[in-house]
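The following note was prepared in reply to a request for comments on this model.

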Amino acid sequence: MKTKSDFPNLNERKPDGVKDDGTPYRVLVVDDSVFVTKQITQILASEGFEVVATAADGEEALNTYKDKYPNIDLVTMDITMPKMDGVTCLEKIMEFDKNAKVVMISALGKQELVKRSLLLGAKNYIVKPLDRKKVLERVVTSLE
Amino acid sequence: MTTETQIETQPEKATIIVKRIDFKMITFTLAGKDYGVDIMRVKEIRKANQFTHVPNTPIFVRGVDNLRGEIIPIIDLRMMFNLPAERRDETELENIIILRVGEIVLGIIVDTIEKVVGISKDTIQPPHPIFGDINVKYISGVVENEGRLYIILDVDRIFTQNKEERAAQAPQTAPLAEIPAPSIPEAAEELNLRFFIETLATFAGFHVSPLNQDWVRNRASEWEEKRRSAHQEVQITSEADAREFLSSFYSPDTDRLWDPTSAKNLVSGLDLGQQGQILVWNPGSGRGTEAYSLAAALKWVHPARPYKIWANDKDLLNISSAPSLSFARDQVPEEYLPLMTETKTGWQFTGEVKSHILFEFHDILHLNPYDNLQLIVVRDVLSFLDVNDQNRLIEEFYDKLRPGGYLLLGKNEKLGHDFTGFREVEGFNQRLYRKKE
Amino acid sequence: MRVEYINPFVEAAYNILREVLSEEVKRGILYLKSSTNPVKGVAAIVGLAGEVEGRVLFDMTKSTALKIASKMNDEDLLDWDDLARATITELANLITAQAVTKLHDLGFRFDLTPPALITGENMEMYDDYKDETETLIVPMETSFGPVEINVAIRERNRN
């Protein structure tokens, strides 16, 4: 029986998480829920993204972003978090780096905050519950 | 309120009903033991004595009695089963269960008649010789209910077996003149009433109390007469019977929009003060027709006053559809139309009218968060609650009404004399009470 | 409880559970309760504040919670750890958020508090809202065990 490796796949698609130079996009995942953090990390890793750091609140996220600058290509940012909420954190990140690419993660029923985030410069938003297709689609368009 | 949907919203109760009551029996005692007979075999219950003795009959045939012209043998069950019989005072009334077994009607004398017990056939166990007092061949089974063990008699077996023998004994030709006028004292009537009370509770969840007993008493005699003249069973033996018995209980315009004139008369006759929001509570609102009728009447009579109607029911199906209740055009009296709009599903009240009514899924037996009310409309609701709950709720209604507030009960319901905090308001063709100032 | 509140919770519970568990779930018969609620083992509580106030409680056994968390994480969680807790919290969040969104669309305004998660044996839930309103029980049957959603909400100003 022939296995896949016997035939060079000429149409092999470049994974969405890999840049043209062959290195992965570097992502900071911000969420106070271990579950959501893990979920996003798994989805992104499956497409070749590299989650370089995670943060559980806005303060930690802002510090990490500054710390690692300019080595973060994308941030996924939960809206509701303790200490500093996602919208405030987004605002501070945008002040620090007006080219930052941030995707907001929102629970249902937060339309007002999502709108505000988009006005503040967030590239896109994802409404929970998260699924692979939805996350990748929104993340990829944010990188364009 | 329909029984099925009530069950749907009340799983605690449903689990009890899940046992499926498919067998009802009249229970009685005999020499200190509990017995039951299939309610389907019971024609009626009565008290009587001084039966006409018939010579040359077995000792257990105490005689014959005249049951409204029909001569029936009266059998002493203690004697029949050779149970120790006390010598009784001749003048004392005996408890008699009138049975219909095939074509035979006969009466059995028992010690005391207890009540109607509903059980599931599945729980009936086969007879065991250990129950001993009576030959097992006359027992169709035993069943435990609420801690009591009932021996269910197989009356078909007992009384048809020696049918021929007894046919000779029961003197159908006994001259009428020899038979004393039937002594059906008031006590027997009371006993029959007791059976109505028990069967109404079993089959319809209707609880007889001072609130409705006057109606039940009248209805019972009317019912007995009607059923007898139609040669039907007097006893209520099914849900259908109970429904029919209660058919004349309900208030006018139940489950439909109220007659506009009487709705207007009622509301304009109420002293609701000059200003401020009018607060109305309508527990047991069913599909919502009552709440909508009240909303319309308040609008007609007090167009400038704000008002709010709290309408609730524990029937999830009915209450969920209440906010968008639609009527066919012919169900809507002309006067309501200006307050309604036509929709795809039929005529509905306008959003403005609806904004005054809050439909809530709520059980009146739970805590009722209503206060400072001017009117409580609770027609034909209390009668379907346990007697203790009825009394508790009437006290609660009193607390929740403002001084001078009104309580509207069902047409055939009235407050007992204990509730001195209310006085009846006459002249509305509705049962209206007012909380004393 | 106002009838308009009922369906959003039933639908949200049904939709979200079906989505995150990728299986058909069964809706039990809704009913009202006024007595103290025994808690099965794991309870996530989400508070509501605004024009209406109250709380929504998600109740299940620890074993059901672990199985659901495992399914949602796509891995076998054997211990009741941070990840399992975060997963059940998120489930409570998802359902409540969807219900509240529907209620927003109907014109009711209120906000959610972050869920609190409580675990233990032989617990009872008692809350002050009971003084004013009974709770609606929305039982859901999943292949991982029953999840009971217990909703107690009322208008802030009733009169």
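1. pLDDT is the predictor's confidence in each residue, on a scale from 0 to 100. The structure discussed here is a predicted model, and its scores are an ipTM of 0.84 and a pTM of 0.67. For chain C the mean pLDDT is 86, with 91% of the residues at 70 or more. For chain A the average is 88, and 91% of the residues score at least 70.

2. Confidence within chain A deserves a separate remark. Strand 1 (residues 26–30) of chain A has the highest confidence, at 97, whereas helix 4 (residues 111–120) of chain A has the lowest, at a mean of 90. Residues 1–6 of chain A have a pLDDT below 50, and this stretch makes zero contacts in the model beyond near neighbours in sequence. Where pLDDT is low, the predicted coordinates should not be read in detail.

3. Chain A contains five helices and five strands, and their order along the sequence is β-α-β-α-β-α-β-α-β-α. Of its 144 residues, 42% are buried. When contacts in chain A between residues at least 6 apart in sequence are considered, 63% of them join residues at least 24 apart.

4. Chain C is built from three helices and ten strands, arranged along the sequence as α-β-β-β-β-β-α-α-β-β-β-β-β. Buried residues account for 42% of the 159 residues of chain C. Among the contacts in chain C with a separation of 6 or more, 68% are between residues 24 or more positions apart.

5. Pro38(C) counts as exposed because it has 11 C-beta neighbours inside 10 Å, and the cut-off for exposed is 12 or fewer. Ala152(C), in strand 10 (residues 145–155) of chain C, has its C-alpha atom 7.7 Å from that of Met1(C), at a distance of 151 residues along the chain. Ala152(C) is buried, because 24 other C-beta atoms lie within 10 Å.

6. How do helix 2 and helix 3 of chain C cross, and at roughly what angle? The axes of helix 2 (residues 62–73) of chain C and helix 3 (residues 82–105) of chain C come within 9 Å and cross at roughly 85 degrees. The two helices of chain C are therefore roughly perpendicular to each other, since angles of 65 to 115 degrees are classed in this way. On the side of helix 2 of chain C, the contact involves Ala65(C), Leu66(C), Ile68(C), Ala69(C), Met72(C) and Asn73(C); these meet Leu83(C), Ala84(C), Thr87(C), Ile88(C) and Leu91(C) in helix 3 of chain C. This contact comprises nine nonpolar residues, two polar residues and no charged residues.

7. Helix 3 of chain C is mostly covered, with 17 of its 24 residues buried. At 1.5 Å a residue, its 24 residues should span 34 Å, and the end C-alpha atoms are 34 Å apart, so the two values agree. Just after helix 3 of chain C, Gly107(C) has a positive phi of about 100 degrees.

8. Most residues other than glycine have a negative phi, and most peptide bonds are trans. In chain A, the peptide bond from Tyr69(A) to Pro70(A) is cis, with omega near 5 degrees; Pro70(A) is in the loop between helix 2 (58–68) and strand 3 (74–78) of chain A. Lys128(A) and Pro129(A) are likewise joined by a cis peptide bond, with omega about 5 degrees, and Pro129(A) is in the loop between strand 5 (124–127) and helix 5 (132–143) of chain A.

9. Positive phi values also occur at residues other than glycine. Asp74(C), in the loop between helix 2 and helix 3 of chain C, has a phi near 60 degrees and is exposed, with 9 other C-beta atoms within 10 Å. His231(B), which follows helix 7 of chain B, has a positive phi near 55 degrees; His231(B) is exposed, with 6 other C-beta atoms within 10 Å.

10. Finally, the contact between chain A and chain C takes eleven residues from chain A and 18 residues from chain C. The chain A side divides into six nonpolar, three polar and two charged residues.

Conventions
Residues numbered from 1 in each chain as written. Chains lettered and ligands numbered in written order. Predicted model: local features only at pLDDT ≥ 70, side-chain atom pairs only at ≥ 80, totals over all residues. Axes fitted to C-alpha atoms, helices over the stretch in contact; angles between N-to-C directions. Helix = DSSP H or I, 4+ residues; strand = E, 2+ residues; numbered from the N terminus. Parallel < 35°, antiparallel > 145°, perpendicular 65-115°, else oblique. Contact = placed C-beta atoms within 7 Å. Nonpolar A, V, L, I, M, F, W, Y, C, P; charged D, E, K, R; others polar. Buried ≥ 20, exposed ≤ 12 C-beta atoms within 10 Å, placed from the backbone. Expected span 1.5 Å × (residues − 1).
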